[in-house]
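Please walk me through this model in the viewer, stop by stop. At each stop, tell me what to select and what is there.

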Amino acid sequence: MSLTFKPVGSYHQDFSFRNSEEAIQRFPFPFPEDQYMYSVNLEPATSRNPGSIFEHCFDIDEHYRSEMVERNRVLERDPRRCLVMPHMQTAAWDTLAMLMEHLSQDYPQWFALSRDGDQWQWQNHALGIDQRFTYGDADTLPCEPLEYIGRQVQGDFALLDQREGDLFMDAGIVTCPADWSLAFDAGMSFKQWHSPVPMAHQMGVFDRALKYLVNIQVGQPVRRLNWTLTINPRLDTSPETFHEWGSDRASITPGNVGSLVHLRVELQVMARLPRSNALMFSIRTYLISMDELVTQPAWAQRLHRVLRDLPDAIADYKGMTLYRQTLVDWLSQFDSQA
Amino acid sequence: MSGFIPVRVTDIRQVTPVIREVSLQSLGTALPKFSAGSHIQVLLPNGKRNAYSLLSDPLDTRHYRIAVRHQENSRGGSRYVHEQLQVGDELRIAPPANLFPLHNEAHLHILLAAGIGITPFMPYCTELLRRGAPFELHYAYRNCISDAYVAQLRDLLGERLHCYDSPQRRLDLKHVLSNRPLGSHVYACGPQRLLDDLHQQAASLGWSDSRIHSEAFSAAQSGQPFSVQLLRSRQQLNVSADQSLLEALEAAGVEVPNLCRGGVCGQCQTGYLQGDVEHRDHFLSPDEKAASLMPCVSRGCGQPLLLDL
Amino acid sequence: MSTTTKQLPTSVPRYYSGEPSQLATHHLMVSQGRGCTEQARICASLNSSAVPMTHLSLSDYPSSAELQRAMLSILREATVGLRIYLLGNEDFIWPLHALARVAGLQPEEIQVIPSASCGHAIYCVHCSTTQHGALDSPHTCTECGVVLEVRQHFSRRLGAYLGVCADARQPYAQARS
């Protein structure tokens, strides 16, 4: 499938972001059943369904230019969104190499990489970049390697140092988080940064997940989907800016629920970084408005049932308590058995 | 276990009278990159599957190199490598996994190798030199028997290398571990006795466990033949004297996740419902042993085993 | 919002209440210097062991910065085997904890003992400043003015609890209508 980019749409102020027909078709609707509960829903990240978001390890789609504009905007406003602790330098270069290798292989019409020892040349035709640099020498790039490559790939990246049988969030570039702060969570262990998640700790979800993640091998990445709801197509739903967007949740009415409420799905890919033995945790976010979603009747019916029956603790954690009933009532018109 | 990589033996070198180095080249695409301390599993034509540390430069993905010591009580793996393996032979390997990684927060890396335990430290040295990180290597061996790579290391490391040619000069752990700067971490690879001594000596000098990283020589050892029943797949298997239970399961088409094949990583933990087990692993707690076993090293004895597989 | 110890979130620190390490080769105690029973008890048990002990007290230094400099110069010469005991309020102990980690101490080699009932450190996620306050009532950020809800989520690196705008419909204390 040939990849073309839409004109730049915005994820703030006028929120001109929209999905095309094709983008709706390939949206990763995350519910395999009519109800939702936490699980360690990890699967090998093997390529499947050409054209789908599962074809390539790092999915690039029609919103590429818009998202890169948004990333630059957020980083200009708040440089704390990119952080690399000193012992994570090797992992940052590992990340740059992995992303450049995958993008140039998977999207050769847009990205090209040529290497001669540690002398690398990177071309990004989508953004008009042609950069020669020395691998391992940050002075030959316009900025640190993680920030450099992060400004050219959709999605957030957290780099987890693996030591003492645990994972530590010691580096990352995070401009579209679902209500978590890299600046605050940096340095935390796996269970520490998942601390705010309700119920799952007692269920043993994080014990099982950690045991699985520390044993991920080179070349055998795994993935899972996670989801929440967001008002407006706003990518940057960080705690840092909560005082700017949190009140949106109070603005939902039966009249605007279809256009303002968005299902937000994260495709999380966890891959072993080969040189540093760190784990890359990539979080690729997809947004779809309720109006767009209900063009797929099966999705509309299932989402209605999932949200109607969701445990209150999870609904609260996902920030939907204020407008949940309005949304469920609106969705019920698409559920034949409601 | 998926994703085996077909490779060809491109070189075999006798490094010492008991240690052979084998170079492997991919038959397909480039070999995966790896981090210092990684190992691969090698599937030998005789059905044996052992884990060996990678000793080549992690940046070189054209070749992997491993070194194999001839074990007197070999179940057939090391004997095959020493007596039958030829340049040009084709083998399969599992992709690299790392159960013995560098600690990225360490300020000083103190490496302790005994004999063939030198292998994971070869890429450690390459990587630490490349990073410009402070480190030293303490290497105990028997001259002209298990002294692999000593000359090469001397050229590469200069004063960072400390040799202990047994029995003339013994590795004095107390001396190595005393008065070390705060950011020190110690890594050891060698026989279990060395690791036990290290833990004991380090603890008595106030080292906390998280500063101590070790990898034992660990591989399945022969034992008595025994038989097992599989509950879910309703199979009965016979495990021969020089076969591990894991190998017998694999030969019967029952894949169990595994990484180290030496009873330390915990990946192949399997439940059993009946039977007597000779536990040989370093992973399970005494409580866990009542219902679980590690088929990579442990064996049945006495009452026949019924596995939850 | 009451939280029992058993249900304490995983990021919130469990503070030291045990005994000094028997295997240490050297103890370093750094205290804010407000005499309390806890400090006296730990001081006594450290002194009673055969292991040498060094005690730095804020009261002997003109400023926290001077005390930190003194601690760093000890850590530079120190060797593996050292255990550190930090006593004081959260604003005092966690910056020292961060210095000790950078100097090469492992987390389990550092014990933190907060003085009872003297408030907590709160990190305002909006302007990224750390300040002193209470956990159970809204806290108005002294820097940016946002009224913060303090979440039960703690960063050892920043030595503070997470403070996030309590009511996005009215972020600031004074109504601005």
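The tour visits chain B, then chain C, then chain A. Keep in mind throughout that this is a predicted model.

**Stop 1: the sheet of chain B**

Five strands form an open sheet here, in the order 10-9-8-11-12, and the pairing is parallel. Look at the two ends of that order. Strand 10 (161-166) and strand 12 (212-216) of chain B are the edge strands. Each has a single partner strand, so one side of each is left without a neighbour in the sheet. From one strand to the next, the twist averages 10°.

Now keep strand 8 and strand 11 of chain B. They pair in the parallel sense over six bridges.

**Stop 2: helix 2 of chain B**

Select residues 121-131 of chain B, which make up helix 2. Color the buried residues: B:Phe121, B:Met122, B:Pro123, B:Tyr124, B:Cys125, B:Glu127 and B:Leu128. What do the buried residues of helix 2 pack against? Show strand 8 (108-114), strand 9 (135-142), helix 3 (150-157) and strand 11 (184-190) of chain B, and you have the elements they pack against. Step just past the helix to B:Gly132. This residue takes a positive phi of about 70°.

**Stop 3: where chain B touches chain A**

Show chains A and B together. In this contact, 17 residues of chain B meet 14 residues of chain A. On the chain B side, eight residues are nonpolar, seven polar and two charged.

**Stop 4: the two domains of chain C**

Hide the rest and color chain C by domain. The domain assignment gives domain 1 (10-114) and domain 2 (120-165). Their C-alpha centres lie 25 Å apart. Nine residues of domain 1 of chain C are in contact with nine residues of domain 2. The domain 1 side of that contact divides into five nonpolar, two polar and two charged residues.

**Stop 5: strand 1 of chain C**

Select residues 26-31 of chain C. Is strand 1 covered or open? Strand 1 of chain C is mostly covered, with five of its six residues buried.

Bring in strand 3 of chain C, residues 82-88. Six bridges join strand 1 and strand 3 of chain C, and the two run parallel. C:Val30 stands opposite C:Leu86 in strand 3.

Next, show strand 2 of chain C, residues 53-57. Strand 1 and strand 2 of chain C also run parallel, joined by five bridges. Here C:Met29 stands opposite C:His55.

**Stop 6: where chain C touches chain A**

Bring chain A back. The contact takes 20 residues from chain C and 19 residues from chain A. On the chain C side, strand 8 (147-155) and strand 9 (160-165) each supply at least two residues. That side divides into 10 nonpolar, six polar and four charged residues.

**Stop 7: a helix pair in chain A**

Select helix 11 (residues 297-309) and helix 13 (residues 324-331) of chain A. The two pack at an angle of about 145°, with their axes 9 Å apart. Helix 11 passes helix 13 of chain A in a left-handed crossing.

Show the side chains at the contact:

- Helix 11 of chain A contributes A:Ala300, A:Leu303, A:His304, A:Leu307 and A:Arg308.
- Helix 13 of chain A contributes A:Arg324, A:Leu327, A:Val328 and A:Leu331.

These contact residues divide into six nonpolar, one polar and two charged.

**Stop 8: A:Phe54**

Finish on one residue. Where is A:Phe54? A:Phe54 sits in the loop between strand 1 (43-44) and helix 2 (64-77) of chain A. Why does A:Phe54 count as partly exposed? Because A:Phe54 has 18 C-beta neighbours inside 10 Å, while a buried residue needs 20 or more.

Leaving aside neighbours within four places in sequence, A:Phe54 is in contact with A:Ser47, A:Arg48 and A:Asn49. Last, draw a distance from A:Phe54 to A:Leu267. They are 213 residues apart along the chain, and their C-alpha atoms are separated by 9.1 Å.

Definitions and conventions. Residues are numbered from 1 along each chain as its sequence is written. Chains are lettered from A and ligands numbered from 1 in the order in which they are written. This is a predicted model: local features need pLDDT of at least 70, side-chain atom pairs count only at pLDDT 80 or more; totals for chains, interfaces and linings use all residues. Two residues are in contact if their C-beta atoms, placed from the backbone, lie within 7 Å. Ala, Val, Leu, Ile, Met, Phe, Trp, Tyr, Cys and Pro count as nonpolar, Asp, Glu, Lys and Arg as charged, and the others, Gly among them, as polar. Helices (H or I, at least four residues) and strands (E, at least two) are DSSP runs, numbered from the N terminus. A residue is buried if 20 or more other C-beta atoms lie within 10 Å of its own, exposed if 12 or fewer, and partly exposed in between; C-beta atoms are placed from the backbone. Domain bounds come from an automatic or database domain assignment. Two strands pair if DSSP finds at least two bridges between them. Axes are lines fitted to C-alpha atoms, for helices over the stretch in contact, and angles run from 0 to 180 degrees between N-to-C directions. A crossing is left-handed if the near helix is turned anticlockwise from the far one by less than a right angle, and right-handed if clockwise.
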